[in-house]
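Visitor: I am new to this structure and would like a close look at a single part of it. Could you take me through the place that the UniProt record marks as the active site?

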Amino acid sequence: MTTPAHLAPREAAVLVLEDGRAFRGEAYGATGQTVGEAVFSTGMTGYQETLTDPSYRRQVVVMTAPHIGNTGVNDEDHESRKIWVAGYVVRDPALRPSNWRSQRSLEEDLREQGVVGISGIDTRALTRHLRERGAMRVGIFSGGEAEQPVAQLTSLVQQAPLMAGSALAAEVTTPEAYVVPAVGEKRFTVAALDLGIKAMTPALLAQQGIEVHVLPATSTFEQIRAVGEDGPDGVFFSNGPGDPATADAEVAVLRQVLDARIPFFGICFGNQLLGRALGFGTYKLKYGHRGINQPVMDRTTGKVEVTAHNHGFAVDAPLDGEVTAPADADGTAYGRVRVSHVCLNDDVVEGLECLDLPAYSVQYHPEAAAGPHDAAYLFDRFVNLMQQKGNRA
């Protein structure tokens, strides 16, 4: 009698961090080896959306929730065209999926797309290690690869590229522009720069009566201005992977958007690029914010929101009061700016609001796929900004 696939013995696997610490477990997903930056996600649900979020490009994701794969995988909840994580770490994978929407198991997708993972390790201990030491490079080795000495595997991990200094948006962006039609009556036209966009974002914009033209990350200002009959009513910069300090071309385009006074909304990577365009710096967080339970205060209302995050970099801007944006190399200044949102866990800047320009941004994911919907109002603010601009009522 043939043993069912989910009960068959698993091959040995080992996870090795760049500081030499190792965790031994069992192969999960594809067998082989992979390297990337080790990060942890605190979401208890939404693993399918996490895996297909392009912002996880070149990262090995450690799930802090112990049971993963319970609801299987379907073809409706993908946030992009493929799984982007470099590797996947879980404690207890589901023996079999159980959900009326499930079409196959999570492990089937991981194997089909060649994603190397590991299961059966103490993810709590690994997470504590990353919290204390910070995000670092890691490798997962399974099958025959796991038999190599740990010292040799550590050397391989240490040769992997660092996330700091990595320009990754061009690796995940759409190769060609496409349009997401407005739902119902068309009210506005928006040019959305795909730096690693999640599918739910243009879908929610479309529900506001917005026709969304999703453009490649390498698009020029002239290509943005060509969107729509009379140019776009607004410009949106999406989330995405990599170090914002490398995105000089995108920042230059954004400054042209600000100079033209086109209403602008950015999220995550787009928030970091707005910070840079306004003259602020960015820096790498010790271990970042990833998950769907991050508390953020909207300083304009005093409301505390539970939000979805996936970022390892942040904007270095003053938290208190209004400041005048530093002038750029050409002497251009963009007036008064204030930090509109702040993380209550560590006081990291989570949003920027321009007071003399029609522009704002947040560091988190208001589309919340997966996650809470506390921040859905931010799409309403974008609509209000375009209405106030008077492009279309």
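Guide: Happy to! A word on the record before we start: UniProt positions are given here in the numbering used for this structure, and such annotations may be inferred rather than shown by experiment. Keep in mind, too, that this is a predicted model.

The unreviewed UniProt entry places the feature "active site" at Cys268, His365 and Glu367. Those residues span 100 residues in sequence, yet no two of their C-alpha atoms are more than 11.4 Å apart, so they gather at one spot.

Let's begin with cysteine 268. You will find cysteine 268 in the loop that runs between strand E14 (264-267) and helix H9 (269-277). Its relative accessibility is 2%, so cysteine 268 counts as buried, since buried means under 20%. Setting aside residues up to four places away in sequence, cysteine 268 touches Asn239, Asn310, His311, Val362, Gln363, Tyr364 and His365. One of these contacts, His365, is itself among the annotated positions.

Now move on to glutamate 367. This residue also sits in a loop, here the one between strand E20 (359-362) and helix H10 (377-389). With 3% relative accessibility, glutamate 367 counts as buried. If we leave out its neighbours within four places in sequence, glutamate 367 is in contact with Lys198, Met200, Thr201, Leu204, Ile267 and Phe379. Among these, Phe379 falls within the range of helix H10 (377-389), and Ile267 falls within strand E14 (264-267).

Definitions and conventions: Residues are numbered from 1 along each chain as its sequence is written. This is a predicted model: local features need pLDDT of at least 70, side-chain atom pairs count only at pLDDT 80 or more; totals for chains, interfaces and linings use all residues. Side-chain values use heavy atoms; hydrogens and water are left out. Helices (H or I, at least four residues) and strands (E, at least two) are DSSP runs, numbered from the N terminus. Buried means under 20% relative accessible area, exposed over 50%, partly exposed in between (1.4 Å probe, protein chains only). Contact means heavy atoms within 4.5 Å.
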